[in-house]
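This report is written for a reader who is meeting the structure for the first time.

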Amino acid sequence: MSLQTNDSPEQDDYTFNDVSVVMGTYNEEAAIETVLTDIADVTDGAANVVCVDGSSDPTPELAREMGATVIEQEPQGYGVAVREAILTPDRPVVVTTDCDDTYPMEQLPEFLDTINDGYDVVSGDRLSRGADAMPDVNRLGNRAFALLASALAGERVRDTTTGMRAYRREVVEEIMWTENTGLSAELLMRPLMRDYRVHELPIDYRERAGTTTLDPFAGGAAIAKSILKVGLEEHL
Ligand SMILES: Nc1nc2c(ncn2[C@@H]2O[C@H](COP(=O)(O)OP(=O)(O)OP(=O)(O)O)[C@@H](O)[C@H]2O)c(=O)[nH]1
Ligand SMILES: [Mg+2]
């Protein structure tokens with residue numbers, strides 16, 4: 001499928017006024033202020049922020065005070081929150097991140113530049129730079145997921161479960177999303193296998209602020225299942 005890119009002369013480059021940064025937030029009191037401050041600093045306050053929140057701590061109040069749009073939602077998992085988050089903005093570029101201060105907001109300009117180069121999806125690849133802050137079991141699992149997804153997609157991908165990506169809004173609107181824990185892998189694989197222009201951008205990855213709510217084994221099994229399901233569905 002071909003999408004309109006900025007090769008056409010009437011399309012100016014996007015700026016941060018065209019960008020929404022979106023995230024699920026679930027009890028991220030320890031990180032929310034840092035993450036939203038970093039976004040505001042890097043984008044000069046131009047990007048707007050959407051949080052789909054399931055917290056029982058002060059995260060949503062802190063987010064609202066800092067100017068974010070907060071949508072309240074019963075906690076139902078990562079993908080349910082992030083799907084709502086990516087479908088909410090009406091700006092042409094949607095960037096996802098986690099709200100745990102692991103992702104480098106200082107690289108937002110590189111994501112936007114890569115979209116302006118004509119890519120439909122720019123995926124933050126943590127593994128190419130080593131991801132030293134990632135627990136060993138997660139790093140091993142993520143490398144295995146990338147191999148599995150690459151085999152299914154017929155194209156080498158390095159990091160299928162990253163939380164930081166930029167999308168042209170048409171991409172998120174044109175595809176039906178079905179996965180929950182595996183949504184991040186789905187958000188990479190379906191566009192890739194439908195011949196959208198996808199680029200993996202190496203990023204730094206920091207240690208999480210606040211405590212994880214994730215069980216790596218249950219989560220890992222759900223992600224592997226999503227990768228298989230999505231890979232097979234896209235072949236059919
Ligand atoms: N609204 C909402 N947000 C969620 C839910 N589960 C996770 N999140 C958010 O989604 C983002 C990713 O979740 P994380 O817990 O960081 O998952 P992870 O990065 O795989 O694992 P760790 O960082 O190791 O905990 C974070 O911003 C969470 O707050 C949920 O059920 N509802
Ligand atoms: Mg995280």
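In the UniProt record, an unreviewed entry, residues 20-175 carry the annotation "domain: Glycosyltransferase 2-like". The model described here is predicted.

The shell around ligand 1 has 23 residues, of which G24, Y26, A81, C99 and T212 come nearest. Strand β1 (19-25), strand β2 and helix α3 (78-87) each supply at least two residues of this shell. The largest share, 3 residues, comes from β1. By class, the shell is made up of 8 nonpolar, 10 polar and 5 charged residues.

**Packing of α5 and α8**

Helix α5 (residues 136-153) packs with helix α8 (residues 216-235) at an angle of about 10°, and their axes are 9 Å apart. Because an angle under 35 degrees counts as roughly parallel, α5 is described as roughly parallel to α8. On the α5 side, the contact is made by V137, N138, G141, F145, L148, A149, L152 and A153. On the α8 side, P216, G220, I223, A224, I227 and G231 take part. The contact of α5 with α8 has 10 nonpolar and 4 polar residues, and no charged ones.

A131 is found in the loop between β5 (121-125) and α5. This residue counts as buried, because 21 C-beta neighbours lie inside 10 Å and 20 or more are required. Apart from its neighbours within four places in sequence, A131 is in contact with R126, R139 and Y205. A131 and P216 are 85 residues apart along the chain, and their C-alpha atoms are separated by 16 Å.

**Helix α7 and the residues after it**

Helix α7 (residues 183-193) is mostly covered, with 10 of its 11 residues buried. The buried residues are L183, S184, A185, E186, L187, L188, M189, R190, P191 and L192. R194 lies in the loop between α7 and β7 (198-202). With 14 C-beta neighbours inside 10 Å, R194 counts as partly exposed. From C-alpha to C-alpha, R194 and E234 are 7.8 Å apart in space, while 40 residues separate them in sequence. D195, which follows α7, has a positive phi near 65°.

**Positive phi at D44 and D101**

Two further residues with a positive phi are D44, although it is not a glycine, and D101, also not a glycine. The table gives their values and places.

| Residue | Phi | Loop |
|---|---|---|
| D44 | about 60° | between α1 (32-43) and β2 (48-53) |
| D101 | about 65° | between β4 (93-96) and α4 (108-116) |

Are these residues buried or exposed? D44 counts as exposed, because it has 10 C-beta neighbours inside 10 Å, and 12 or fewer place a residue in that class. D101 is buried, with 21 other C-beta atoms within 10 Å.

Technical notes: Residues numbered from 1 in each chain as written. Chains lettered and ligands numbered in written order. Predicted model: local features only at pLDDT ≥ 70, side-chain atom pairs only at ≥ 80, totals over all residues. Helix = DSSP H or I, 4+ residues; strand = E, 2+ residues; numbered from the N terminus. Near = placed C-beta within 6 Å. Nonpolar A, V, L, I, M, F, W, Y, C, P; charged D, E, K, R; others polar. Axes fitted to C-alpha atoms, helices over the stretch in contact; angles between N-to-C directions. Parallel < 35°, antiparallel > 145°, perpendicular 65-115°, else oblique. Contact = placed C-beta atoms within 7 Å. UniProt positions renumbered as here; feature names shortened; annotations may be inferred.
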